[in-house]
Amino acid sequence: MSLLSDLINLNLSDTTDKIIAEYIWIGGSGMDLRSKARTLAGPVSDPSKLPKWNYDGSSTGQAPGEDSEVILYPQAIFRDPFRRGNNILVICDAYTPAGEPIPTNKRHNAAKIFSHPDVVAEEPWYGIEQEYTLLQKDVKWPIGWPKGGYPGPQGPYYCGIGADKAFGRDIVDSHYKACLYAGVNISGINGEVMPGQWEFQVGPAVGISAGDELWVARYILERITEIAGVVLSFDPKPIQGDWNGAGAHTNYSTKTMRKDGGYEVIKKAIEKLGLRHKEHIAAYGEGNERRLTGRHETADINTFLWGVANRGASIRVGRDTEKAGKGYFEDRRPASNMDPYVVTSMIAETTILWKP
């Protein structure tokens, strides 16, 4: 095994200028990440300098077998923490050979919203809190839980330490460092309320980069769990009963909200989000109704309410924002399996462009 490890860790720059680019895209379910690698002649730092590529869309549920070619457009580059050196991870979106975005390409529409002059002028910032659950591979039950049984009730696990409270920290810390290496603006991690559940935060990130960074962070996490022999779940309610679900709380501000007097702008933005509550909920993740029950730090899915420091609200405003009269707010509705391209662009579109 040591020889295999030595080969995996070979430093290619000692012998060649060639690099490996891992092209990453989102498959037909909207949550299944796919990737494949190709050799390039030398280091690349600008995605527009990368070649387009193709894949068999009939094998990912994205094209019929008789016309299966889907084209990958490179959009963002990150350093590869697995191969290291000058090797890269490449976030791509997918198009037909005629240049039309395929239905599962949510990045294309998000990029249009984020390139709108009114949105560009507001410099939307995002911080996304990605919760997830680590499962035992063979039984799909959270790690640290007795097989077929339950641990003690919630309470000691949130930000907990100790062998009977924190399960999977080696995976979590590996992911944290790998994201920093890759160039993801990961801002922290913590153990969550349900044992076997964790959270990482990406941001602040501006516009479309929030989606790119969260997707590559998800990719890195899934690759690490693959190595560890653990299954990664973004299910918004992986265990029924008296256990917290998993969300992707999305913190948001615009340039006007961050300036003096921004609190009034925040309140107007929240009012607009309330008017489009149903549309947002429909786009905020599959199975979210199992999580948004009005219990376990959530607002009921059919109710829109906001409050200061209220974790049972749809939208939470922090005490610091209220006190300063400017800042940001947190949309607590998105599920852990939401598409960040959809959620971030929709929040910008509703709060900046939409006229009620």
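Trp141 counts as buried because its relative accessibility is 17%, where buried means under 20% relative accessible area, exposed over 50% and partly exposed in between, with a 1.4 Å probe and protein chains only. The model is predicted: local features need pLDDT of at least 70, side-chain atom pairs count only at pLDDT 80 or more, and totals for chains, interfaces and linings use all residues. Residues are numbered from 1 along each chain as its sequence is written, and side-chain values use heavy atoms, leaving out hydrogens and water.

Trp141 pairs with Tyr150 edge-to-face, at 5.4 Å centre to centre and 75° between the planes. Rings of Phe, Tyr and Trp (its six-membered ring) pair if their centres lie within 6.5 Å; planes under 30 degrees apart are stacked, over 60 edge-to-face, the rest tilted. The structure holds 12 such aromatic pairs.

Another edge-to-face pair joins Tyr252 and Phe329, 5.5 Å centre to centre with 70° between the planes. Tyr252 sits in strand S10 (residues 248-253) and Phe329 in strand S13 (residues 329-331), so this pair ties together parts 77 residues apart in sequence. Both Tyr252 and Phe329 are buried.

Now the whole fold. The protein has 10 helices and 13 strands; these are DSSP runs (helices H or I, at least four residues; strands E, at least two), numbered from the N terminus. Buried residues make up 52% of the 356 residues. Of contacts (heavy atoms within 4.5 Å) between residues at least 6 apart in sequence, 65% join residues at least 24 apart.
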